[in-house]
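Please look over the sequence and the model shown below.

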Amino acid sequence: MKKLCPLFSTKEATRLAALPLALGLIGGSLYAQRVHVGDSPPGSGQQGLIGEPPDTSTWPHPAAPDGNPFPRSSASIIDLVRRDNKILLGKSLFWEEQVGVDSTMACGTCHDPGAAGADGRGNLFPHSAGTFGSAGVIAQAAAGSGKVEYGFLGGPTPSEDRLVTPIIAPPMIGAYIFSQLFWDMRAGPDFPFEGGGIIPGFSDWAACEELSTGPPLSPVEMGHEALTWSSNFLQKKIGNSFPMALCDPDPANMPLDFRKAFNIGGDYNWWFDKVFSSDPNPTLAIGPGVTRERFAAAVAHYMRTLIPDQAPIDVGTMTVSQQNGMAKLSSVGCFGCHSVGGGVALFGPGGKFVDPFDSVLSDGRFHNIRGITVKTPSLRNIGLKHRFFTDGQVDNFPDLLAFYQSIFGFTLTMIETAEVTDFLAVGLLDNRVAARLKPFDKPVLASERPEHVFESNEFGTAIAGFSSPEIIANSPAYLPPPGSPVHFKVGVANCIPGATARLEILVPPSTVPIFMASTTVNGAGFATTFVSLPLTTISPSGAGPMTFIGRWSVKDPGAPLNLAKSNSARWTTFNF
């Protein structure tokens, strides 16, 4: 079993203990004058970029809501300690697959630094609308209000495959500088309660907070049908989970700060209280454990650390080729959308930006490109992206450049094409992002490990009748602490509606089932059961890991002996 040991060193524990001393402090006094760049008329929904004068970076320092301040480097030690603890918690949550309802999806699943902070899984996934998107969860619905038990759900087109978003996930790196987030800018600049009304202290600068609460609810991305925060479903699931329990604990695959989270010694409820119970904002201080607002505050703090400010354009080391490419893009008007100065981006020696707000290479406004109105994306780290535009129809630089030449009526020579490509692919690349180095580091997620790749644990063939059952078995099987059951769900699809389905699980080489459960197939041909296997049944020593195999039998008059059988699935349990 996972050794339960303190999350923090003695020095760090002392810093945590200092948090109560900060009671009564609030973030307004921490800030220099905030600036709002490129505001459109009130009510236009296009508020450009946000930030403050640079602090330790050539980029603007993150502007943050008074209710969740992100202090400057010159702030008091109490404020910096609170900031750093929120960052560590938020970073853990961002890469935590247990935030997803079936423990197969984290925020970071679709936002890989190695792909510029966008989806890096292969070549992305085709959507029925003819676009490319990001794969999420299999359709599912809650079994009851507030329960952490949920069944697979058949829709108009029943499928045991993962759902796919209609557009590609936008990069999260550098997102902190936008006052409104998502492609359609629906998040921010304020952060409301789920039921309406702005949370005190979050009336502006809070796009990162509001953004973070959306994907966990999405029935396509991480959630289930009609999931809400007010149901307390996610709070219970996250709160009772142990941090980073599904990640590979090998130090080679888990950076230092994630190992601290892995070794916390308590569940997320414990950690949330340690970080937030003395917060000066009453909304964040109120617990216990996980709350929607605390979750948002932590994840937003982590997002505000993702500043890719060490590319050649930032440190003044662009080559002549890259500077020529930048100059060419400027001359044909590309900075009309990819700067904040109305198409005039000023550059100093080595190509460094004069205006730090230009660093993001986006004006943060709506523009219509290819018939789709979306917020201008940043060009940062664009050389790491697999597909371009929200629909993913372009997947290489030559086609990307050819499109803009046809739209805006300019022509690049062979040399100019090479220089522009050099500028975009290398001049704007922060090598820390490409190499996933801090703050862009990440753990190896369960879904990235060969034994947990989607559907890789399925084998064999179905025995069909009038139906051909297909096992749904992609939820990780993991072992909670001693005395707790193994609890995960297994589904079956493509069955006769209303039929009786039975799941049997055995531990090879034995052929005698150690678990059997029967359930009724729903009207869309799906059934779900929840598996509880005491550790003493799996392994008398409780040591794990153990491998076991499951298969469904479904009543079907067209099958041999009136029983259709699914293919099989294999699980190898792993410890907290």
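Is A116 buried or exposed? In this predicted model, A116 is buried, with a relative accessible area of 2%; buried means under 20% relative accessible area, exposed over 50%, and partly exposed in between, with a 1.4 Å probe and protein chains only. Because this is a predicted model, local features need pLDDT of at least 70 and side-chain atom pairs count only at pLDDT 80 or more, while totals for chains, interfaces and linings use all residues. Residues are numbered from 1 along each chain as its sequence is written, and side-chain values use heavy atoms, with hydrogens and water left out.

A116 also has a positive phi of about 70 degrees, although it is not a glycine. Most residues other than glycine have a negative phi, and most peptide bonds are trans. A116 is found in the loop between helix 2 (77–94) and strand 3 (125–126); helices (H or I, at least four residues) and strands (E, at least two) are DSSP runs, numbered from the N terminus. M185 is not a glycine either, and has a positive phi of about 60 degrees. It lies in the loop between strand 6 (150–152) and helix 3 (207–212), and M185 is buried, with a relative accessible area of 5%.

Two cis peptide bonds also call for a look at the backbone. One runs from K438 to P439, with omega near 5 degrees; P439 lies in the loop between helix 13 (431–434) and strand 9 (458–459). The other runs from P508 to P509, with omega near 10 degrees, and P509 is found in the loop between strand 13 (500–506) and strand 14 (515–520).

How far can such details be trusted along the chain? The average pLDDT is 84, and 85% of the residues score at least 70; pLDDT is the predictor's confidence in each residue, from 0 to 100. Where pLDDT is low, the predicted coordinates should not be read in detail.

The chain holds 14 helices and 18 strands. Of its 576 residues, 55% are buried. Among contacts between residues at least 6 apart in sequence, 67% join residues at least 24 apart.

Strand 13 and strand 14 pair in the antiparallel sense over 6 bridges, and A501 stands opposite T519 in strand 14.

Next come the cores. The largest nonpolar core has 67 residues, and L89, L93 and Y268 have the most contacts inside it; a nonpolar core is a set of buried Ala, Val, Leu, Ile, Met, Phe, Trp, Tyr and Cys residues joined through side-chain atoms within 4.5 Å. At least two residues of this core come from each of helix 2, helix 3, helix 4 (233–239), helix 5 (256–262), helix 6 (268–276) and helix 8. Helix 8 gives the largest share, 7 residues. Not counting residues up to four places away in sequence, Y268 touches several residues, including L89, L93, I238, F242 and V290. A second, separate core of 24 residues includes L329, L361, L400 and L412.

Helix 2 has 18 residues and reaches 25 Å from its first C-alpha to its last, close to the 26 Å expected at 1.5 Å a residue; the expected span is 1.5 Å times one less than the number of residues. Because 16 of its 18 residues are buried, helix 2 is largely enclosed by the rest of the structure. Helix 11 (residues 397–408) has 12 residues and reaches 17 Å, close to the expected 16 Å. Its buried residues are F397, L400, L401, F403 and Q405, and they pack against strand 7 (366–369) and helix 12 (414–427).

How values were computed. Two strands pair if DSSP finds at least two bridges between them. Contact means heavy atoms within 4.5 Å.
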